[in-house]
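Here are a few exercises to work through with the model open in your viewer. Try each one yourself before reading the solution.

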Amino acid sequence: MVPKRVLLVGLGNYTLPQTRHSIGLLLLDYLASQLNLTWSKNESTHAYLTQPTTVYVDSSQSLNPSTKKEKKRKNKENKANIINSDTIAQDEDNVIQSVNLPSANDLPLLSDSSRSPSLLQLSSRLLNAQTISSTSTSISTLTLKLKNLEPKPGFVPLKLTLMKPLLFMNVSGKSVSKASRELGFSHSNIIIIHDDMQRELGKLSIKNGGSANGHNGIKSVIDHLKTDEFLRLRIGIGRPPSEIDDRSHDIVSNFVLSRIPPDEMEIYNNDVFPRCKDELFKTSINLG
């Protein structure tokens, strides 16, 4: 199965990376850490980019659970059902130690049984590259782990590229437009991640198309892509305290451009960002 190519773009002001307005940048740093990716500066697109990486996502994530109880159960299962071609997370039945595999460009897709190398071949390549974390790992243990690497039926390969524009928020669309042309991404395969002050902290919303709703970064992307037909993941950052929230420009600017407090950042890292990752993977599965 040919992986679906997806460009994930986090909006923010790169010179103010720890602020609420740059929550899109912070999320991509979290994802890059989770997927063991590194950033490289791309002068042409005026952005930091990661190399494309292939992940395998359980297609059942695209289903919408009908009850809160079912949704909670699905979320728990889905956390164990993401396989990355570079770092292995968890299997349903057991935790797999991190194993650095060759990139997806070096190996056939694991889901393609007609082209996949045998377990013995993979064992040899992994051993020769010295990618096993412990030299005392036995061949039998390695074989067990390699069996767990085989994607189960229903897993969908996604080829993800992460992007952090280096331009200011209100002109960041220029970076997105150049990346779309030079990297060959259709606007329908781009997901823009940005802050949303109209939603309480941690509340997530996927929006497909429509106006910018006053967000200058989204307005810039619409202007440069010449379309509003692209997906956005909106991350709620809340509003200023009610006692000072007079909705004036100065109060709003100070709130979104201020550094995120440590206790709030802990909520993002431990709760909001993991949910964002699941939402992005689930949404990417359904792209054309």
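**Exercise 1.** Work out how helix α5 and helix α6 are packed against each other.

*Solution.* Keep in mind that this is a predicted model.
- Start with the geometry: α5 (residues 173-183) and α6 (residues 216-225) have axes 7 Å apart and pack at an angle of about 40 degrees.
- Now classify that angle. Under 35 degrees would count as roughly parallel, and roughly perpendicular runs from 65 to 115, so α5 and α6 are oblique to each other.
- Next comes the handedness: the crossing of α5 past α6 is right-handed.
- Then list who meets whom. Gly173, Lys174, Val176, Ser177 and Ser180 are the α5 side, and Ser220, Val221, His224 and Leu225 are the α6 side.
- Finally, sort that contact by class: you get three nonpolar, five polar and one charged residues.

**Exercise 2.** Find the largest nonpolar core and say which element gives the most to it.

*Solution.* 
- The largest nonpolar core has 36 residues, and Leu8, Leu27, Ile235, Tyr268 and Phe273 are those with the most contacts inside it.
- Trace where the residues come from. Elements supplying at least two each include the strands β1 (4-10), β4 (53-58), β6 (155-165), β7 (190-196) and β9 (231-236).
- The top giver is α8, with eight residues.
- Zoom in on Phe273. Skip residues up to four places away in sequence, and Phe273 touches Ile23, Leu26, Leu27, Tyr30, Met265 and Tyr268.
- Another core lies apart from this one: it has 18 residues, including Met169, Val176, Ala179 and Ile192.

**Exercise 3.** Decide whether Ile206 is buried, partly exposed or exposed, and find its contacts.

*Solution.* 
- Locate Ile206 first: it's in strand β8 (residues 204-208).
- Buried needs under 20% relative accessible area and exposed needs over 50%. Ile206 has 31% relative accessibility, so Ile206 counts as partly exposed.
- Leave out neighbours within four places in sequence, and the contacts of Ile206 are Leu231, Arg232, Leu233, Glu279 and Thr283.
- Take Glu279 from that list. Ile206 and Glu279 are 73 residues apart along the chain, yet their C-alpha atoms are separated by 8.4 Å.

**Exercise 4.** Put together a quick summary of the whole chain.

*Solution.* 
- Count the elements: the chain has eight helices and nine strands.
- Check burial: 48% of the 288 residues count as buried.
- Look at contact range. Take contacts between residues at least 6 apart in sequence, and 72% of them join residues at least 24 apart.

Methods. Residues are numbered from 1 along each chain as its sequence is written. This is a predicted model: local features need pLDDT of at least 70, side-chain atom pairs count only at pLDDT 80 or more; totals for chains, interfaces and linings use all residues. Side-chain values use heavy atoms; hydrogens and water are left out. Axes are lines fitted to C-alpha atoms, for helices over the stretch in contact, and angles run from 0 to 180 degrees between N-to-C directions. Helices (H or I, at least four residues) and strands (E, at least two) are DSSP runs, numbered from the N terminus. Angles under 35 degrees count as roughly parallel, over 145 as roughly antiparallel, 65 to 115 as roughly perpendicular and the rest as oblique. A crossing is left-handed if the near helix is turned anticlockwise from the far one by less than a right angle, and right-handed if clockwise. Contact means heavy atoms within 4.5 Å. Ala, Val, Leu, Ile, Met, Phe, Trp, Tyr, Cys and Pro count as nonpolar, Asp, Glu, Lys and Arg as charged, and the others, Gly among them, as polar. A nonpolar core is a set of buried Ala, Val, Leu, Ile, Met, Phe, Trp, Tyr and Cys residues joined through side-chain atoms within 4.5 Å. Buried means under 20% relative accessible area, exposed over 50%, partly exposed in between (1.4 Å probe, protein chains only).
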